[in-house]
Number of protein chains: 2
Amino acid sequence: MHETLTAVNESTVTGLGRLARFFGFSDVMGRLYGTLLLSPGPLSLDDLGDTLEISKGSVSMNMRGLERWGMAKEVWVRGERRKFYKAESDMWQVIRNVLESREQREVHLALHVLGESIEKLQAAECDLSAEEQQLARYYLDRIGDLQAFFQFAQLALHAVLGSEKALDFEAITKIEIE
Amino acid sequence: MHETLTAVNESTVTGLGRLARFFGFSDVMGRLYGTLLLSPGPLSLDDLGDTLEISKGSVSMNMRGLERWGMAKEVWVRGERRKFYKAESDMWQVIRNVLESREQREVHLALHVLGESIEKLQAAECDLSAEEQQLARYYLDRIGDLQAFFQFAQLALHAVLGSEKALDFEAITKIEIE
DNA sequence: CCCTGCATTCAAAACATATTGAATGCAGGG
DNA sequence: CCCTGCATTCAATATGTTTTGAATGCAGGG
């Protein structure tokens, strides 16, 4: 195959590996996704293992990860007994999946814990010495800041996820930046 | 100290550790930040090490990390020879720091690499066999999608960072969510 | 110019995470 | 009901990361 194609393929796959790590996934997951994304046809686990030079076990586990996150789908190839996968190529869908299941949960948890702390501090107020009360007020201020941050994050998430009809990436491509 | 204060302190510090990991920093950095945030006065490296029960070395290295990211600042305490730190309590500033120096760079790099790939593919077109040309077009499509994603991310970053006068977190607190 | 009290560095150790490949499981064909 | 071809699991291992603490560096006081 022409070296340009090979080079582009490799840098894309590497880049997606990097992106995956950035988002807290494993490098291999990103590379698997990239390999699938750049393959016109579906690939078997063996294909993927051969291409990326990683073991069958690793391919199997990481692919299941990709499936769980809705980044790849199983595909039936007639006449084949093996499993074949293709990448979920709708980026928007992938992002929704990640934001919804992971980020959303983190933010929720954080807000829950912070809310509890505030309640506890308010409930305990009478039991505290003057000095402790002062510290409690300090805590309430700082925790209020954190709460504001997470509420901002929640707003941002809602803004991105809430837009029912997938933001039009193609349109965005055409916007001139800087 | 009253157990409520202790409990709230601990859960906040733990939560910030978690948040730090989520953002790709070390757990310890988050906990150090949390400890400083909940301390009315500045703390020395020893104070921090004692509180979190970690070694001097670790405190030293992680604090320098926090400083580099603009999450903590050195503070002079008169009559003391030791270094003292306080948390940068302006969350907005912290977020700007992280987004600007890290996320911004990632997005930039990605867009650069993708752009290069597109150029390479276009330049090589004539050298390709019919079959290779077809694959090249396929690559261009997929890479275009990735590009659109990163351009979206860049837009989002600009939107958040661009607003010159720090988004008003306090105001956001008051918005009713869901 | 040494001594003290601190911060910093860095190699070794502890710890965490990812990968491997042999063993196991499972389905469909004969 | 066994055999084959595959996927999956998991304990052992390799790899990467963080922490530690002893050694080192450095500034200021005496």
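Predicted model: local features only at pLDDT ≥ 70, side-chain atom pairs only at ≥ 80, totals over all residues.
Q: Which residues make the contact of helix 1 of chain A with helix 5 of chain B?
A: Residues count as being in contact if their C-beta atoms, placed from the backbone, lie within 7 Å. On the side of helix 1 of chain A the contact is made by A:T4, A:A7, A:V8, A:S11, A:T12, A:G15 and A:F22, and on the side of helix 5 of chain B by B:E106, B:A110, B:V113, B:S117, B:K120, B:L121 and B:A124. By class, these residues divide into seven nonpolar, five polar and two charged.

Q: How do you know what relation superposes chain A on chain B?
A: A rotation of 180°, with 0.0 Å of shift along its axis, brings chain A onto chain B with an RMSD of 0.0 Å. That is the relation of a two-fold axis. Among the residues of chain A, A:G24 comes closest to the rotation axis, its C-alpha lying at 3.8 Å.

Q: How many residues does each chain bring to the contact, and which helices supply them on chain A?
A: The contact takes 45 residues from chain A and 45 residues from chain B. Helix 1 (3-22), helix 5 (91-124), helix 6 (130-162) and helix 7 (169-174) of chain A each supply at least two residues of the side that touches chain B, and the largest share of that side, 15 residues, comes from helix 6 of chain A. This side of chain A has 27 nonpolar, 11 polar and seven charged residues. The same surface serves both copies, since 98% of the contact residues of chain A recur in chain B.

Q: What makes a residue count as near DNA strand C, and which residues are closest?
A: A residue is near the strand if its C-beta atom, placed from the backbone, lies within 6 Å of it. In this sense 18 residues surround DNA strand C, the closest being A:I54, A:S55, A:G57, A:S58 and B:G57. Helix 4 of chain B gives the most to this surface, with four residues, and by class the surface divides into four nonpolar, seven polar and seven charged residues.

Q: Which residues come nearest to DNA strand D?
A: Of the 19 residues around DNA strand D, the nearest are A:G57, B:I54, B:S55, B:G57 and B:S58. Two or more residues of this surface are given by each of helix 3 (45-52) and helix 4 of chain A, and of helix 2 (27-37) and helix 4 of chain B. Its residues divide into four nonpolar, eight polar and seven charged.

Q: How do helix 3 of chain B and helix 4 of chain B cross, and which residues meet there?
A: The axes of these two helices come within 9 Å and cross at roughly 115°, and helix 3 of chain B passes helix 4 of chain B in a right-handed crossing. B:L45, B:L48 and B:G49 in helix 3 of chain B meet B:K56, B:V59, B:S60 and B:M63 in helix 4 of chain B, a contact with four nonpolar, two polar and one charged residues.

Methods
Residues numbered from 1 in each chain as written. Chains lettered and ligands numbered in written order. Contact = placed C-beta atoms within 7 Å. Nonpolar A, V, L, I, M, F, W, Y, C, P; charged D, E, K, R; others polar. Axes fitted to C-alpha atoms, helices over the stretch in contact; angles between N-to-C directions. Left-handed = near helix turned anticlockwise from the far one by under 90°. Least-squares fit on C-alpha atoms with pLDDT ≥ 70 in both.
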